[in-house]
Amino acid sequence: MAPGPKLHMKRLAAPPHWMMDKLGGVFAPKPRSGPHKVNACLPLILILRNRLKYALNYRESQMILKQRFVKVDGKTRTDPKYPAGFMDVITIKESGDKFRLLYDAKGRFVLHKIKDDEVNMKICKVKKVSVAASRTPYITTHDGRTIRYPDPNLKKGDSAVIDLETGKVKEWHRFKPGCLVMITGGANMGRVGEVVARERHPGSFDVVHVKDATESKFATRADNAFVIGSSIYHPLVSLPKQKGIKLSIVEDREKKLASAEKKKRGKR
């Protein structure tokens, strides 16, 4: 195998949450190196072409981006393969669209429409707290930001609310029992609930127990939990359609059958 970075990606090797059809071609867009990993991002071309249907093909989506219509977190992005990820704010000037990238209850990326009061703020998870060579304290967030001189009480796993215009921390929320979290990894990806308890396992992975709005309980690794509010009554961002509640297989089937029956009646 040739040395160097891999510049291509086969469609069958693309992450399943991109929801690319198997017979639509051989290759998929390989995301650039950026703030989010390959398995946790959605390239801009897929947002414009596959999700929003603003472009029919790669060339049309490239023309939209090169006209500088699309902004991610308040900054203009012209690369079709730029990796947008969880909690990123995407605005399209010409159409007036404002979206936040979140997960639905099945763990797939969803473009959630937001209002003007949410456009200039973003929640970032603290991944690292450290001190630089010149004794400057700093934190590193899940989207690759480095913020100097943060609040000294901030710890790994907490969430900071970032003002996208200034890049500074407006407020922060502790990762503790009672807080509202969205799960960003594992089998429960996309579910939203209140942290009930946290189990410490030195030398292994800490486990958190979460209870959702339907009183259904589940457990996941602490690293998969992303704080989105201080309590269930105070979410910092608006949530997608199902509000992070995962339906059982039977409930999901009944919902799909009811929807299909409704469509059939409409055609008659």
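User: In what order do the strands of the open sheet of five strands run?

Analyst: This is a predicted model, where local features need pLDDT of at least 70, side-chain atom pairs count only at pLDDT 80 or more, and totals for chains, interfaces and linings use all residues. Residues are numbered from 1 along each chain as its sequence is written, and side-chain values use heavy atoms, with hydrogens and water left out. Strands (E, at least two residues) and helices (H or I, at least four) are DSSP runs numbered from the N terminus, and two strands pair if DSSP finds at least two bridges between them. Pairing in this open sheet is antiparallel, and the order is S5-S4-S7-S8-S9.

User: Which strands stand at the edges?

Analyst: An edge strand here has a single partner strand, so one side of it is left without a neighbour in the sheet. That applies to strand S5 (75–76) and strand S9 (109–113).

User: What is the bridge partner of Leu102 in S9?

Analyst: Strand S8 (residues 97–103) runs antiparallel to S9, joined by five bridges. Within S9, Leu102 finds its partner in Val110.

User: What angle does the direction of helix H1 make with that of S9?

Analyst: Helix H1 (residues 44–51) packs on the sheet and touches strand S4 (70–72), strand S7 (89–92), S8 and S9. Contact means heavy atoms within 4.5 Å. Axes are lines fitted to C-alpha atoms, for helices over the stretch in contact, and angles run from 0 to 180 degrees between N-to-C directions. For H1 and S9 the angle is about 75°.

User: How many residues of H1 are buried?

Analyst: Buried means under 20% relative accessible area, exposed over 50%, partly exposed in between (1.4 Å probe, protein chains only). H1 is largely enclosed by the rest of the structure, because the buried residues number six of the eight.

User: At what angle do H1 and helix H2 cross?

Analyst: Leu44, Ile45, Leu48 and Arg49 in H1 meet Tyr58, Ser61, Ile64 and Leu65 in H2. The axes of H1 and H2 (residues 58–66) come within 10 Å, and the crossing angle is roughly 115°.

User: Which residues of S7 are buried on each side?

Analyst: In a regular strand the side chains alternate between the two faces of the sheet. S7 is covered on both faces. One side holds Val89 and Thr91, and the other holds Ile90 and Ile92.

User: What stands opposite Thr91 in S7?

Analyst: S4 and S7 run antiparallel and are joined by three bridges. The residue opposite Thr91 is Lys71.

User: Which residue takes a positive phi in the hairpin of S7 and S8?

Analyst: S7 and S8 pair in the antiparallel sense over four bridges. Their hairpin has four residues between the strands. The positive phi, near 80°, belongs to Gly96.

User: How many disulfides does a search of the whole structure find?

Analyst: A disulfide is a pair of cysteine sulfur atoms within 2.5 Å. The closest cysteine sulfur to that of Cys41 is in Cys124, at 16 Å, so it is too far for a bond. The count is zero.

User: Is Asn224 buried or exposed?

Analyst: Asn224 lies in the loop between strand S18 (217–221) and strand S19 (225–229). Leaving aside neighbours within four places in sequence, Asn224 is in contact with Met182, Ile183, Thr184, Gly185 and Gly186. With a relative accessible area of 17%, Asn224 is buried.
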